[in-house]
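This report goes through a protein model part by part, with the criterion behind each term given where the term is first used. Please keep the sequence and the coordinates at hand while reading.

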Amino acid sequence: MMPSTATAPATRVVVPAPKRRRRRANPTAAILLILLAVLMLAPFIWTALSVTKPTDVAFANPPVLSGYTPTLEAFKNLWETTYFAEYLVNTAVVAVISTVVALVLGIPAAYALSRFPGYVSAILLLLALVFRSLPRFAVVLPMYDISRALGIYDTNFALAAALVAINQPFSIWLLRNFFAEIPKELDEAAMIDGCTRWGTLRRIMIPLMRPGILTAGVFVFLFAFQEYLTALVLTDTASKTVPVFITTQLGQTLPMLQQAGAAAMLLTLPVIAISFIAQKYLVAGLSDGSVKG
Amino acid sequence: MRRREFASFIGPSLLVMVGLLVLPLIRTVQWSFQEVNYGQAGTFIGLSNYTQALGDPRFGRAVFFTLLLTAIVTALILVVGYLVAIGVNGLGKLRPYILGSMLVAYVLPGVVGAVSFSWLFNSNFGGVLNLVIERLTGQELLWFTDTWPNRVMIIAHTVWHLLPFSVLMILAGLQGVPKELREAARIDGANALKMHLWVIIPTMRGIIGFVCLITIMDVLRTFDSLIPLSPQADAIGNESIMFYVFDNAFRDGSQQLGLGSAVNVLSILLILICLFPFIRDLLKEAKAKA
C-alpha cells in the first residue's frame, strides 16, 4: 500500500476502488468488545475514583462507592506540597528532546539501510533487534557509573541521551520498514533531476514518509514518557521524572498515596488524548509499512 | 547508494549507539569478571561472580519465574490478541472508541498502570476485585503474599499491559490480507475457522512472529510492574531476573556490581537463546535477498 496514490509509479494500473461492502457488526462480538474495553479501563477508572474521594474514605475497605462529595483536594495537595510541576516538566522535556533527536539521527540511518542492498543492512538490522532486547541494566548501570564520572548524573541531558540510544534500534527498524515501501525509482528520478542524496531524502522521502515518521515519533515519545528503570537509575532529585516520583510515594501515608494517584491521572490524561488521536494514524501507518513480514 | 553516502547517513546514529550502547555493554562484561564498586577500578576475580550467581537458589527461582511468566503471557497475548483483533476489525463505527480505550493500558507508564492495577486487588486500599472474587468464590485470596494468587495477578497485569500492542499490530496486519485471497477461499468453500487457520494466519506469519518476538522481549525484562504488584517478590518466589539484578547491584546497601553484571551477561545469553529461532529466520531471509 502506498501512502499516496498520486505518487505511484507510472507502471501501476489504476483500478477503481471496489465498493466497500457494508457489513453489519456482529452484536454479540460488539457487546463483548465493549465489555473488554471497559475492563481494560477499569484500573484507570478505579484510580480516578480513589483520588477524587475525601482522604478518609479514599482507601476504605470495603470501598465506599457513594455518599461522599467528590473533591479535587488530592490534586491541590499534589501541586502545593510536592515538586510535581518540576517532575512533569522534566518528564516532558526529556520525552520531547529524545524523540526529536532519535528521529533526526534515525531517519537518515533508516533511509540508508533501506537503500543499501545486501548483507550489511541485514546484519545491522539484526544487531538493532538484539540491542532492543538487551536487559536494560546491562547498559544503564555502566551509564550510571560514566555519568557520575562525567558529572552529568541527575541531569535531563544524561537521561535524554540514554533514551535516544536505547530507543534508536527500534526507531531505525520501524522507519526502515516504511522506507522500504517507497520504490527506489523515485530516488533515481529525483537524482536525475539533480537532487543529491540528502536533497532526495529531504524533498522527496520525508514528505512521503509523514505517516511513518509520525508513527515512529509517537512510539519513541511514549517509550520515553513511560520510562521508569532508566530514570530511576540515572536521576536523583534534580531531574526526577513523574513515574519515579509516583513509586517513591508508595508505602507512605494515605494522603501521599492519593497524591501518587493524582499524579498518575495527570500523567495519563495527555497520553490518552494522544492515543485516541493517533490510533487512526497508527493503524494506517503500520499497515502501510512496518509490518509486512 | 555509494559507500561514502551510506557512511554519512548512518554515521551519527551509529556513533550514538556505539558510544551509549556498545561501550556500556563492554563495561558490563568486564565488570562481570571483577569485584568492583561504582567509581572505582575493579580487581579481576575470574568466574567467581558467575559461580556465585549460578549457585544462588534465589537466582534459580528468578529465572524459573521469569520463564514461566514469559511462556504464559506470550501464549495468552497471541491467542487473545488475535481474537480481539478479528473482533475489532469487524466493528463499524465503534471501532475507534474501542481501540482507543484499549490502547490506554499500553500507553500508560508501566509503573503507573501497575500501581492502579494493584489497587484493584489490595484489601488494604479498598480494592474492588478482591472483594468481588471473595464473594464469588467464598474464599479470601492473599493476592500479595501467596505465590499463586500473586502470580495470577502479575500475569493478568502483564497481559493487560501488552495486549493492546498485539491487537494493534495484528489489526494492522489484517488490513494487508488481500481481499481476493479471502474471496477465493470462500468460493472454495472454506468456513470461518478454516479461513483463519489456512488463509489469514499464514499470510500474516511475519506479523505474528513480530508480535511474538516483541512480547517475549518485553516480558523477559519485567521489572517496573513488580514494585507495586509484588512487594515481597523474593520471599514468595515471584522475583524476575531484572529485579534480582536491581536488588543486588543497585539498591542501597547491597552494591554487588560484579554479581549484577554477571547476571546481566547470563540473561543476555538467555535472551539470545529465546530469540534464536527468530534470528535464524531473519538471517535466512537476508541470505535469500542478498
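## Helix 8 of chain B

Helix 8 of chain B is followed by G189(B), whose phi is positive, near 90°; helices here are DSSP runs of H or I with at least four residues (strands are runs of E with at least two), numbered from the N terminus. The helix itself spans residues 179-187 of chain B and lies largely in the open, because the number buried among its nine residues is zero. A residue counts as buried if 20 or more other C-beta atoms, placed from the backbone, lie within 10 Å of its own, as exposed if 12 or fewer do, and as partly exposed in between.

## Basis and confidence

The model is predicted, so local features need pLDDT of at least 70 and side-chain atom pairs count only at pLDDT 80 or more, whereas totals for chains, interfaces and linings use all residues. Residues are numbered from 1 along each chain as its sequence is written, while chains are lettered from A and ligands numbered from 1 in the order in which they are written.

Chain A has a mean pLDDT (the predictor's confidence in each residue, from 0 to 100) of 81, with 85% of its residues reaching 70 or more. Over residues 1-15 of chain A the pLDDT is below 50, and this stretch has 10 contacts in the model beyond near neighbours in sequence. Where pLDDT is low, the predicted coordinates should not be read in detail.

## The interface between the chains

Contact, meaning that the C-beta atoms of two residues, placed from the backbone, lie within 7 Å, links 85 residues of chain A with 85 residues of chain B. On the side of chain A, helix 1 (residues 27-51) gives the most, with 15 residues. By class, this side has 61 nonpolar, 15 polar and nine charged residues, where Ala, Val, Leu, Ile, Met, Phe, Trp, Tyr, Cys and Pro count as nonpolar, Asp, Glu, Lys and Arg as charged, and the others, Gly among them, as polar.

## Domains of chain B

Chain B is divided into domain 1 (25-55 + 252-290) and domain 2 (64-240), with bounds that come from an automatic or database domain assignment. Their C-alpha centres lie 29 Å apart, and four residues of domain 1 of chain B are in contact with four residues of domain 2 of chain B.
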